Amino acid sequence: MIPGMEEHGYDKSYSAALAAAAGTIGVIIPPSIPFVLYGVVVGTSIGDLFKAGFLPGILMGVALMIANYILSKKYGYKGVHVKRPAKETIMILLDSIPALLTPGIILGGIYLGIFTPTEAAVVACVYATVVSVFFYKEITFAGLYQALKESMITNGLTIFMVGFSSVFAAYLAMAQIPTKIASAILGVTDNQIILLLIINLFLLVVGCFIDNIPATIILAPILLPIVQGAGMSVTTFGIVLTMNLAIGFVTPPYGINLFVACSVAKVKMEPMVKHLKWFILALLIVLAITTYVPWLTMFPLGK
């Protein structure tokens, strides 16, 4: 998406910031591995979590669209408006079908039980490679080698960050720091609104340093009784917990999406962060709505 935005007049740092922020939606819209993990850890319905994640995920996308619209007006980004004949539009749509089948293969394969999310990633990569090289003929074998090389570098960077985060999480667990913090939170106030606010702030800080997988394993069982005492359902907390930790994907120093976006776009972190603050603000607004408006997650469950 970043090269496409750049071709249409967007600044590369801005494009990378928007792509990184949009990447947070991936763990909220099912299928979501963090939802599966949360469901297993606390013993709740994974299907309910999948259903409950749709509206908050869509709202995150809408919030980023609004932020992007306002910022595009400010920076003068207009894109390119091209009027095409109906016949040409139909031909373009037909030509795009092989590419558009990629997400269909991923989601269809997972929901039908043909393969796991990890296997779906492998299948999608192989399919996309075949389509790009032999159908669209946009990637040469030399280009494919370069793509593999860049992917290895990006993957190495990502694994390093996840490894660092997991070690830090293990240290916190051994030191019983999450349990001590939970006790401290309960000692501050019994006001439900303030209590949920403090927990959100705590999770946002945790997301800055720890990956969502180890954070969910450690924190979900500790914080769940507290939020249930504040009137939040186990399903809603799963969405809120995951959303908090997902925002951590774009908040330094961990900010794994930031490192990936920098690597892909080949830009420095500093100009990205300048644009990123507005997208984070949009995500925080959605987080607040999800926290204090239970209907958003309960309505899809008929509750």
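Student: What makes Tyr-14 and Phe-279 buried or exposed?

Tutor: Both Tyr-14 and Phe-279 are buried in this predicted model. Buried means under 20% relative accessible area, exposed over 50%, and partly exposed in between (1.4 Å probe, protein chains only). The model is predicted, so local features need pLDDT of at least 70 and side-chain atom pairs pLDDT 80 or more, while totals for chains, interfaces and linings use all residues. Residues are numbered from 1 along each chain as its sequence is written, and side-chain values use heavy atoms, with hydrogens and water left out.

Student: Why is the pair of Tyr-14 and Phe-279 called edge-to-face?

Tutor: Rings of Phe, Tyr and Trp (its six-membered ring) pair if their centres lie within 6.5 Å; planes under 30 degrees apart count as stacked, over 60 as edge-to-face and the rest as tilted. The centres of Tyr-14 and Phe-279 are 5.6 Å apart and their planes stand at 65 degrees, so the pair is edge-to-face.

Student: What is the pair of Tyr-75 and Tyr-77 called?

Tutor: Tilted, with 5.7 Å centre to centre and 45 degrees between the planes.

Student: How do you know whether Tyr-75 is buried, partly exposed or exposed?

Tutor: Its relative accessibility is 30%, so Tyr-75 counts as partly exposed. Tyr-77, at 15% relative accessibility, counts as buried.

Student: Which residues form one aromatic cluster with Tyr-14?

Tutor: Tyr-10, Tyr-75, Tyr-77 and Phe-279 form one aromatic cluster with Tyr-14. The structure holds 11 aromatic pairs.
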